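Student: I have a model open and would like to learn how to read its features one by one. Could you walk me through a few?

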Amino acid sequence: MRLQIRAGFAAALSLLGACPASAVDTRLLPARPAYARDAACRPVRIALPPSTHRLPGGALVSPRPADIPVGQGDSAICYAYATADMISQRVGVAVSPLDVATKFYFADPERLSAIPDKALQAHLKSHPNYLADIAWARNAAEVSKDRNPGLEPYFDKLEGGEEDSSALLYNIGGLCEERDLPSHEGYSHFTKRFAALRYGAPLRSPRQCFRDVGASVAGLRSPRADAFNAAWLRNVDTLCRRRPLPVPLLPVSYRVASSQLEFMDKVAAGRGPGRAEVARMLAMVDYALDHARAPTIGYSWYELQERDPKDPDIAADHSSTVIARRREGGECRYLVQDNTGEYCARMRPGVRERCEDGRVWLLESELRRTLYSVIYLR
């Protein structure tokens with residue numbers, strides 16, 4: 001699931017300085033658009049690149065993996081799957097969520113300033129604290145205790161992240177397709193590989209240098225994890241047939257809370273988002289869809305599935321991509337692409353009937369209850 005995001009950075013919009021008309025990049029949306037709701041809730045659907053994901057071993061199951069969104073399995077990095085969908089729609093090919101997560105945790109953010117794209121450099125200039133923001137987001141990542149008693153920050157034990165920073169960092173090094181670095185069902189394609197790295201390699205000397213992970217934050221490093229993560233990065237480099245991005249990835253974001261838990265706390269304290277703030281978020285979703293962009297949203301997973309009373313997670317912070325809009329039954333509905341891999345039959349009553357192979361039509365009234373963030377790519 002998503003982690004908390006520093007409020008100062010989370011509330012910022014990704015704005016660029018004004019450019020002369022002759023310098024406008026027609027591949028990008030305007031830096032300062034006027035957001036407005038689509039009052040008629042006209043039907044629109046965003047086409048995503050053809051699916052290429054598969055199960056380990058190519059097992060035949062129903063529904064077929066190609067018919068459902070790529071699933072995160074037991075991983076807790078839904079941010080990477082939602083961001084991958086958002087990026088895939090922008091670049092025209094299905095990119096690997098595991099590559100998105102790998103770059104988020106370990107890519108050297110200093111490399112962004114060396115990328116010779118004027119729009120990207122203008123974006124960085126308008127966000128002078130972007131390096132500190134990325135470091136903060138990385139430091140907020142948690143380490144799973146599952147079969148990891150030493151709390152080593154191995155790549156496959158890291159949890160949580162942030163879509164804005166993930167999209168920005170994905171400008172580094174070129175794209176990697178899902179078919180090259182498969183991510184369906186989380187880490188299941190690399191279970192044996194991770195086991196070999198974790199248990200087959202001796203503890204490395206603290207003096208040993210691992211340049212590939214050296215740009216990350218201290219919380220994601222340790223002598224043993226450095227050896228594991230550096231080997232994982234080499235594996236990624238071997239598998240990925242990288243090619244340049246066709247467009248720069250410039251995230252635009254707006255939030256009324258830094259996380260679902262903070263959203264709930266504000267509502268409980270009588271400080272929930274006002275009508276204007278909620279209208280702004282929905283207007284940004286409409287704007288993105290109307291301009292051929294698939295936005296990601298931050299909301300609660302419990303809008304889709306009822307909470308198990310024994311589940312200690314009271315917020316169920318979740319991230320998904322919105323791919324369609326239509327009016328039905330007198331109310332606007334939005335098609336949310338869920339990447340958890342849950343079957344429609346497990347959705348809560350009233351929602352399962354609006355579920356289509358992992359893509360769920362949520363009512364505007366349902367989104368209003370927990371929606372706290374919207375992000376799209378210019």
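Tutor: Gladly! Let's begin with one residue and its surroundings. Leaving aside its neighbours within four places in sequence, S320 is in contact with A82, P295, T296, I297, Y299, V336, Q337 and D338. Keep in mind that this is a predicted model.

Student: Where does S320 lie, and is S320 buried or exposed?

Tutor: S320 lies in strand β6, which spans residues 317–328. Buried means under 20% relative accessible area, and S320 has 0%, so S320 counts as buried. Its side chain makes a polar contact with the side chain of Y299, at 2.8 Å.

Student: How far is the C-alpha atom of S320 from that of Y79?

Tutor: The two C-alpha atoms are separated by 7.7 Å, while the residues are 241 apart along the chain.

Student: And what does the side chain of S319 make a polar contact with?

Tutor: With the side chain of E163, at 2.5 Å. S319 also lies in strand β6 and is buried, with a relative accessible area of 1%.

Student: Now a helix. Which residues of α4 are buried?

Tutor: To read a helix, look at where its buried residues point. In α4, residues 118–126, the buried ones include A119, L120, H123 and L124. They cover an arc of only 140° around the axis, so they sit on the same side of α4. On the other side of α4, K118 and K125 are exposed.

Student: What do the buried residues of α4 pack against?

Tutor: They pack against α5 (130–139), α6 (163–169) and β4 (251–255). Have a look at the start of α4 too: there a side-chain oxygen of D117 reaches to within 3.1 Å of the backbone nitrogen of A119.

Student: How are two packed helices described?

Tutor: By the angle between their axes and the distance between the axes. Here, take α7 (residues 191–200) and α8 (residues 223–239): their axes come within 9 Å and cross at roughly 145°. The crossing of α7 and α8 is right-handed.

Student: Which residues make the contact between α7 and α8?

Tutor: From α7 there are R193, F194, L197 and R198, and from α8 there are R224, F228, A231, W232 and N235. The residues of this contact divide into 5 nonpolar, 1 polar and 3 charged.

Definitions and conventions. Residues are numbered from 1 along each chain as its sequence is written. This is a predicted model: local features need pLDDT of at least 70, side-chain atom pairs count only at pLDDT 80 or more; totals for chains, interfaces and linings use all residues. Side-chain values use heavy atoms; hydrogens and water are left out. Axes are lines fitted to C-alpha atoms, for helices over the stretch in contact, and angles run from 0 to 180 degrees between N-to-C directions. Helices (H or I, at least four residues) and strands (E, at least two) are DSSP runs, numbered from the N terminus. A crossing is left-handed if the near helix is turned anticlockwise from the far one by less than a right angle, and right-handed if clockwise. Contact means heavy atoms within 4.5 Å. Ala, Val, Leu, Ile, Met, Phe, Trp, Tyr, Cys and Pro count as nonpolar, Asp, Glu, Lys and Arg as charged, and the others, Gly among them, as polar. Buried means under 20% relative accessible area, exposed over 50%, partly exposed in between (1.4 Å probe, protein chains only). A polar contact is a pair of N or O atoms within 3.5 Å; within protein, one must be able to donate a hydrogen and the other to accept it, and residues adjacent in sequence count only if both atoms are side-chain atoms. The arc is that of the directions from the helix axis to the C-beta atoms.
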